[in-house]
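These are my notebook entries on one protein model, written in the order in which I looked things up.

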Amino acid sequence: MRAAPTGVLHHVEIYVSELERSVEFWGWLLDALGYSTYQQWSTGHSWLRESTYVVLVQAEKDHLAAGYHRKRVGLNHVAFHAASSDFVDALTAALRARGHEVLYDDRHPHAGGDDFYGVFFEDPDRIKIEVAAPSERTTDKRPTLTSERLVLRPFGLADASEVQRLAGDRRVAATTLHIPHPYPDGAAELWIGGHVDSFALGCDLTLAVTRDGALVGAVAGSLDPAAKIAIIGYWIAVEQWGKGYATEACRRLVDYLFHERDIERVCAEVFAPNLASARVLEKIGMQEEGRFRSHIVKWGERLDARHFGLLRGDWHTD
Ligand SMILES: CC(C)(COP(=O)(O)OP(=O)(O)OC[C@H]1O[C@@H](n2cnc3c(N)ncnc32)[C@H](O)[C@@H]1OP(=O)(O)O)[C@@H](O)C(=O)NCCC(=O)NCCS
């Protein structure tokens, strides 16, 4: 754990009535808030983010009867920062998708006052949790790109159920590193909710690939502006495979990266057995630069990774 300035919260420790149920809930929430599991033992679990951690401990049987009530003397609620109101919106949608109630729903997202933008909800023991954004809204400057047949536009929360359906296909998850399977309720909302902030920070651009208004996939560029390097990733809905959509969308994204983002090098990593993906990269003119043996672990299997690259000087769109 990192050292921190005097006064920064070290940790919060919460005794819970049913550890397993609370770990499931808090684990999901804290993961969404950028925490990772820190310690785990038979009667407790903790999650760390930078220098602050949250601990849940199973309350002993003798002390369960009194229960918890936030209006009694003691802790009333726990509040976390959200980077933006977009994250609050995404978290709210994710909570609803998972069947959790939003408190003060009639006044949401201003339940804390006119200048407040946040969401209140409860943990399984009814401890109140608040996640609040700064008052200034992040300006959304994500671009929309067009190509012959496709429109590459920013994702919105309205796309979440379709993302869950399409990316939730095992065949899409099988050849990607970060798509979960099964695709949990609420995960698409949180994924989409992070896009505005990561674009504003200059590190990522993720766009929905659409054809005649229908979602057919996603493309993304993960940027290192200092090195002027972008790593691209993409998936296309299984029902749309083989129509050239990945090739067309990647070509448009790469063109944008070279011409509008001052990127010098675009690269991509492909699981070695993923011949369709390698073919997409070849078709847009990327060169295979190397093979990293046994570099990827996917669902317990070790796989080789093929690395592709393209320099701005070699880029031509004809
Ligand atoms: C990889 C993926 C994006 C391709 O999408 P797509 O829209 O079908 O791709 P395209 O139609 O533009 O091009 C596919 C190319 O691969 C070829 N191809 C497909 N299956 C192949 C295979 N098993 N072996 C060799 N080539 C294959 C196609 O014939 C086509 O090439 P061609 O135009 O020369 O005939 C899609 O399969 C997918 O989403 N897979 C799951 C997620 C994923 O793997 N993402 C990439 C992570 S690096």
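How many residues of domain 1 are in contact with residues of domain 2? I counted 12 residues of domain 1 in contact with 11 residues of domain 2, where two residues are in contact if their C-beta atoms, placed from the backbone, lie within 7 Å. On the side of domain 1 that touches domain 2, I found that helix α2 (residues 85-97) gives the largest share, 8 residues. I sorted the residues of that side into 8 nonpolar, 1 polar and 3 charged, with Ala, Val, Leu, Ile, Met, Phe, Trp, Tyr, Cys and Pro taken as nonpolar, Asp, Glu, Lys and Arg as charged, and the others, Gly among them, as polar.

Conventions. I note that this is a predicted model, in which local features need pLDDT of at least 70 and side-chain atom pairs count only at pLDDT 80 or more, while totals for chains, interfaces and linings use all residues. Residues are numbered from 1 along each chain as its sequence is written.

Overall layout. I took domain 1 as 11-133 and domain 2 as 145-314, bounds that come from an automatic or database domain assignment. Their centres, taken over C-alpha atoms, are separated by 32 Å. The C-alpha atoms of the whole protein fill a box of roughly 70 × 45 × 40 Å along the principal axes. I listed 8 helices and 15 strands, which are DSSP runs numbered from the N terminus (helices H or I, at least four residues; strands E, at least two). Of the 318 residues, 31% count as buried, a class that requires 20 or more other C-beta atoms within 10 Å of a residue's own, whereas exposed means 12 or fewer and partly exposed lies in between, with C-beta atoms placed from the backbone.

The sheet with β5, β6 and β7. I traced an open sheet of 3 strands in the order β5-β7-β6, with mixed pairing; two strands pair if DSSP finds at least two bridges between them. β5 and β6 (117-122) stand at the edges with a single partner strand each, so one side of each has no neighbour in the sheet. The twist averages 20 degrees from one strand to the next.

I then went through the pairs. β5 and β7 run parallel and are joined by 5 bridges, and His 81 stands opposite Ala 132 in β7. β6 and β7 (residues 128-133) run antiparallel and are joined by 6 bridges; here Tyr 117 stands opposite Ala 133, and Glu 122 opposite Lys 128. These two strands form a hairpin with 5 residues between them, and Arg 126 in the turn has a positive phi of about 70 degrees. I also saw that α2 lies across β6 and β7 and runs at about 25 degrees to β6, with axes fitted as lines to C-alpha atoms (for helices over the stretch in contact) and angles running from 0 to 180 degrees between N-to-C directions.

Glu 60. I placed Glu 60 in the loop between β4 (52-58) and β5 (77-81). Glu 60 is exposed because there are 9 other C-beta atoms within 10 Å.

The ligand. I found 21 residues around the ligand, among which Thr 175, Ala 246, Thr 247, Leu 275 and Ala 276 come nearest; a residue is near if its C-beta atom, placed from the backbone, lies within 6 Å. β12 (229-236), α7 (245-260) and α8 (275-283) each supply at least two residues of this shell, and α8 gives the most, with 5 residues. The shell divides into 11 nonpolar, 8 polar and 2 charged residues.
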